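Subject: Handing over the structure

Hello,

Here is the structure I promised to pass on to you.

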4 protein chains.
Amino acid sequence: MGRRTKMSASRYFRVAFPAAPPAMQHFASDNYAGICPEALAALVEANNSGHEPAYGDDSWTERVCDRLRDLFQTDCEAFFVFNGTAANSLALASLCQSYHSVICHDLAHIETDECGGPEFFSGGSKLLTAPGTHGKLTPDAIEAVVTRRADIHYPKPKVVTLTQSTEVGSVYTVEEVRAIAAIAKRRHLKVHMDGARFANAVATLGVHPSEITWRAGVDVLCFGGTKNGLPVGEVVVFFDRALADDFAYRLKQAGQLASKMRFISAPWLGLLDGDVWLRNARHANAMAQLMKMRLEAIPGVSIMFPVESNAVFAQLPAHAAKAMRAKGWKFYEFIGAGGCRLMCAWDTQPETVERFAAEVRDLCAA
Amino acid sequence: MGRRTKMSASRYFRVAFPAAPPAMQHFASDNYAGICPEALAALVEANNSGHEPAYGDDSWTERVCDRLRDLFQTDCEAFFVFNGTAANSLALASLCQSYHSVICHDLAHIETDECGGPEFFSGGSKLLTAPGTHGKLTPDAIEAVVTRRADIHYPKPKVVTLTQSTEVGSVYTVEEVRAIAAIAKRRHLKVHMDGARFANAVATLGVHPSEITWRAGVDVLCFGGTKNGLPVGEVVVFFDRALADDFAYRLKQAGQLASKMRFISAPWLGLLDGDVWLRNARHANAMAQLMKMRLEAIPGVSIMFPVESNAVFAQLPAHAAKAMRAKGWKFYEFIGAGGCRLMCAWDTQPETVERFAAEVRDLCAA
Amino acid sequence: MGRRTKMSASRYFRVAFPAAPPAMQHFASDNYAGICPEALAALVEANNSGHEPAYGDDSWTERVCDRLRDLFQTDCEAFFVFNGTAANSLALASLCQSYHSVICHDLAHIETDECGGPEFFSGGSKLLTAPGTHGKLTPDAIEAVVTRRADIHYPKPKVVTLTQSTEVGSVYTVEEVRAIAAIAKRRHLKVHMDGARFANAVATLGVHPSEITWRAGVDVLCFGGTKNGLPVGEVVVFFDRALADDFAYRLKQAGQLASKMRFISAPWLGLLDGDVWLRNARHANAMAQLMKMRLEAIPGVSIMFPVESNAVFAQLPAHAAKAMRAKGWKFYEFIGAGGCRLMCAWDTQPETVERFAAEVRDLCAA
Amino acid sequence: MGRRTKMSASRYFRVAFPAAPPAMQHFASDNYAGICPEALAALVEANNSGHEPAYGDDSWTERVCDRLRDLFQTDCEAFFVFNGTAANSLALASLCQSYHSVICHDLAHIETDECGGPEFFSGGSKLLTAPGTHGKLTPDAIEAVVTRRADIHYPKPKVVTLTQSTEVGSVYTVEEVRAIAAIAKRRHLKVHMDGARFANAVATLGVHPSEITWRAGVDVLCFGGTKNGLPVGEVVVFFDRALADDFAYRLKQAGQLASKMRFISAPWLGLLDGDVWLRNARHANAMAQLMKMRLEAIPGVSIMFPVESNAVFAQLPAHAAKAMRAKGWKFYEFIGAGGCRLMCAWDTQPETVERFAAEVRDLCAA
């Protein structure tokens, strides 16, 4: 690893990165950020408790599960996994057999960035992609996919998956989720939500987390923690407990059952207590709004998608984008949509945003 | 999780555990222990470095990979994964196709405690078990499995896997590993080592880590960190770099690529610097020796296997085992071998061992 | 194929076969036999009907399905597949998830001769073997496997599978099947029957096919046709139609949906009309009885298992077995039980049996 | 099956078929045709030879394999499988791991009509589709897919697959295959050819079969027999024998090893002897040319793709297509391209073509 993976990932950016960029000279990913203080404190505290039973039978895991049930105001079943690939892939695998299919947006992370993870964990379930403006699926697009084929030579649709917030930084409204869930129910599809940035969506919508999930018809939520300030770990939340039958076996077999589970679960306490998860998300969202405000004021720069979470997608003049990278700024050229993806984290500083915007402004003015 | 998993795991012990056992009233598992101070310090330090590239392109991961190459004195390729199920299953999957088979000991963890993980990740490779005293495979036992069948109606053996130290606490000598690797080479089998407790074996043997791995003919080592003081994480070490081709893709697809990888890799620095990994292992091994010494002196108690790492398997009188559990002590009734498994950790205190042994002595005397 | 596979299979026999044995100089397998006249006639007739819809929408397939429903006196769902590996593996895969397990006899064909097929099609389900005299599972053996473990580190038993008639030529009585199904129901296991030689068992028991299947508690039967006189093809019969949901998709994805399905289904008409399937089985069984009668009269020869179907397992003196093979006779040295397996087919001639027995007698007398 | 599958398949046509159409009142599929006389004769003859070894060790299979080596003028390795789903899926699975990808045309059968078969058999390999006129991939389209991504978050391309003749009835020229193989070699991709209608392509091109396969750079060919007059069965031909290593094990595990293999292989003798396979293909192609000539002369009807094999894709006036179906004619509305697919078989009669065309002409004139 290390050396080899570095090469691969560099190619992902399509441009070479300087060997050692100074810290926070980037809007590349919210995954570049560290652990937020509250999560780290909880992890350390969990260590101070000495020995604890393994595999989730510890007191920390139980507390977090209870806190999640409180948070969602329902008797849901929650499972901790190591990352988003596993969370989404295993949740989907639990909802369909190998000969079924999953309806997702053209730009869905599971389609574009999981290296075939959902296909692997499900034993071959096909992802059927559908278009939609601003990265969002629509009831009509789902209906079109479901009704396109009804023969055994094509995998039978069984799940529809939404990313909330989406890969392009937009957010489904409660009404939009409800409308999609309604068509899903009519077509006997389960509703899965990829919530790698669920916190950012809730912060933007200002609704209770239950409103955008089970009360709107979502069956399973993959609730992301890593991008929101955790070191590692996501939670798979089954609102319909029957769907969680034997899911613990699935996790174990799939290499997603942590032995010292408290170190995966306890940091969630740091996020959940005092609504740090929302505070972190609100901050990241605010930084994105600041970036958007600054950039849209620059002639020659255009904002590509509604800025509703912690990402700004901006079309910079080609020379400006190139010059910014030469100055050491890191950011992705977004695959599939073009332009620059500027991602803010829970600890992105306003000064960094201002500095970035100012440099772009100068370059565009030149 | 939490509540439900608790139930399941309790059943694994075959006896009910008290609801809230006091800390360290157990020899149940080295997984019950926390993070050792050096590993925790490295994790915290990695967080202090601010933002870092994701997916292994960070400076910490590179440093640890280099340290591992130094440790093994060879240009090996190392990959971080979240746990032992994944480490072993993915390493084996990279060595065989679905219609191949893996030769392992009857008591191998991959056979008895991974819920079909190796079969899942390999797409169906069968584990062919072989007997062997003290939990150890022998060249003859391997030869017998390889030559039993040679038709296409039975999966073709492709890998032999050793657990070092073994599931019953014994350790393969350098000569034993070499002899197995020799028969493996002759039969065109790759050699995999499940090193969940590799540190304990190296500490016991007092040899250089390379002597018991690649210099003895091991192709791939799963080097365990969790049981040795890490919060989470193992390393898959390919001594033959050609075998590591595209392994990063395999990890990504299988949900084993950490986005904030430094929090998985950096704690290894804490273990590797100053040979903390060996110090931890030596301590755990010493506690097992103490336990063995105390128990074998008690009439009615017998030691079941050579105590060569951090586990003691003891046959206690039935009433004594029962009474110990009633007093709140936790330990596993070992599945497959009978008797009690007493597992020591990097931080097991001599007082706890003495107290356990004294209580057993009293019960046996009564 | 051809040349290479030949080598492999030869090794399976453990002894070299003469290059070109004369026809019917063997008791190697009922798979060596050809197509029975009635099945061939039906195939030819199906071809005479000109063009027919593909993928099972033809009139022949519908007729055979109806005939099967008549035969079993229940509204079962039947699916045609190409061979026994697929029939059993796909039926089992439809009854369990990858983290579940299947309880089978030590000698079950799915364990010993499918090259990991069940593990492959199920995505990793483990086979848990149990002992039993005469190749038959018992309620106690099943109970022992089910209760051995109940933790998530071991795959959860979900199916019990019986082979009827068994791999050693014995037959489960109606009472035995019922007793096993009763324990299965109590333990929430589905009951699968590998009926590669189902016809031979029915012929021996003299009961209605429903008595030994759904009326006794069997959920799914793999009804073998190939060994009973068909060129290719088995039927998976779901007595509980709910279990057959989406099974047609599973077949399609798994490469088991014949496009010109009438050529797989129509030959079954030849077997089913006029109970040719039972006549064929009775003949093969009778030949086995004749062989048994002749062999058991020879001093030095012993019969190893109850001869209740079309196989005789006999312990011949080593020199006799060797000499018989030198004379060109083919038969398997049975893997796992020792001795010689002598398998009779629907068209085995009494003269061939007499000749074989006479030559053995002469050799033993010498 | 039967009843249930019928429903499913009817929906595939998007229009209801009359319950019992008279024979040959269709251009629905070349799969509707029966067995050609020569193939049936060979099957019957193979049955007359009495008992034969199973699993491919029979004399017929060896003869056919030798005939195939003669046909392709190279020491290729050939394997018989039951159908095209299995042939293509297993061939592809042997060329890539689960985290690799396969480049295919948007309309490739493996993408649109295999119910996720390739994903299932490969354990999750993703199909990456590329556009191309007349159903044909181009070097540029392949290059674009290969260079789109080079990071580990996206499956690594490993194979390019061509359908020859294509799903829309066109044929790759020798030069086109060579050009694609050249880019494939440069990009380290293996070249797979889906030859479900390979015979039709060879008949059209008038080249030696080797010219369009291994001499042009094809590594593996799935040579279709079913649509060309066989009852069941395709051959997977590996021109690079190293790629065929252990493929027999793969077949066995995947339920594609016929026990009475002679009944799958022998009919190929009927096709290969006297070049019946080419005669059959030429006839079907000629019927397509006749259909094309008749239809293109009708005002209001347009031919959608070059007619280079045995299919005609025609845009009929909507009222005419509807009326033809009402008269009992069956044909597919082609999914993905619109229009009507008219497929000719090895035994399609000119009178049927003339009758079909005449009825269309009358309807268009009305």
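Below are some notes on what was found in it, grouped by place.

First, the ground rules. This is a predicted model, in which local features need pLDDT of at least 70 and side-chain atom pairs count only at pLDDT 80 or more, while totals for chains, interfaces and linings use all residues. Residues are numbered from 1 along each chain as its sequence is written, chains are lettered from A and ligands numbered from 1 in the order in which they are written, and side-chain values use heavy atoms, with hydrogens and water left out.

**A strand inside chain A**

Helices (H or I, at least four residues) and strands (E, at least two) are DSSP runs, numbered from the N terminus.

β1(A) pairs with strand β7 of chain A (residues 234-238) in the antiparallel sense, over five bridges; two strands pair if DSSP finds at least two bridges between them. Within β7(A), A:V236 is the bridge partner of A:F79.

**A buried loop residue**

Next, look at A:T213, in the loop between α9 (198-205) and β6 (220-224) of chain A. A:T213 is buried, its relative accessible area being 0%. Apart from its neighbours within four places in sequence, A:T213 is in contact with A:F72, A:M193, A:F198, A:V218, A:L221 and A:F239. Contact means heavy atoms within 4.5 Å.

**Backbone details to look for**

Most residues other than glycine have a negative phi, and most peptide bonds are trans. A few places here are worth a look with that in mind.

- The peptide bond from A:Q164 to A:S165 is cis, with omega near -5 degrees. A:S165 sits in the loop between β4 (156-163) and α8 (174-186) of chain A.
- In chain D, a cis peptide bond joins D:Q164 and D:S165, with omega about -5 degrees. D:S165 is in the loop between β4 (156-163) and α8 (174-186) of that chain.
- A:Y55 is not a glycine, yet has a positive phi of about 60 degrees. A:Y55 lies in the loop between α2 (37-48) and α3 (59-72) of chain A, and is buried, with a relative accessible area of 16%.
- D:H188 is not a glycine either, and has a positive phi of about 60 degrees. This residue is in the loop between α8 and β5 (190-195) of chain D, and is exposed at a relative accessible area of 67%.

**Where chains C and A meet**

How many residues of chain C are in contact with chain A? There are 21, and they touch 21 residues of chain A. The two chains bury about 2,000 Å² between them, 52% of it on carbon and sulfur atoms. Buried area is the accessible area (1.4 Å probe) that two parts lose on being put together, summed over both. C:Y99, C:I152 and C:Y249 supply 38% of the area that chain C buries against chain A, more than any other three residues.

Three salt bridges are counted between chain C and chain A, a salt bridge being a side-chain nitrogen of Lys or Arg within 4 Å of a carboxyl oxygen of Asp or Glu. A:D246 forms a salt bridge with C:K156, with the closest N and O atoms 2.7 Å apart. On the side of chain C that touches chain A, β4 (156-163) and α10 (247-253) of chain C are the elements that give two or more residues. The largest share, five residues, comes from α10(C).

**How the copies are related**

Chain C is superposed on chain A by a rotation of 180 degrees with 0.0 Å of shift along its axis (RMSD 0.0 Å). That is the relation of a two-fold axis. Copies are superposed by least squares on the C-alpha atoms of residues with pLDDT of at least 70 in both. The same surface serves both copies, as 100% of the contact residues of chain C recur in chain A.

Chain A is superposed on chain B by a rotation of 180 degrees, with 0.0 Å of shift along its axis and an RMSD of 0.1 Å. In chain A, the C-alpha nearest that axis belongs to A:F82, 3.5 Å away from it.

Enjoy exploring!

Best wishes

Key: Buried means under 20% relative accessible area, exposed over 50%, partly exposed in between (1.4 Å probe, protein chains only).
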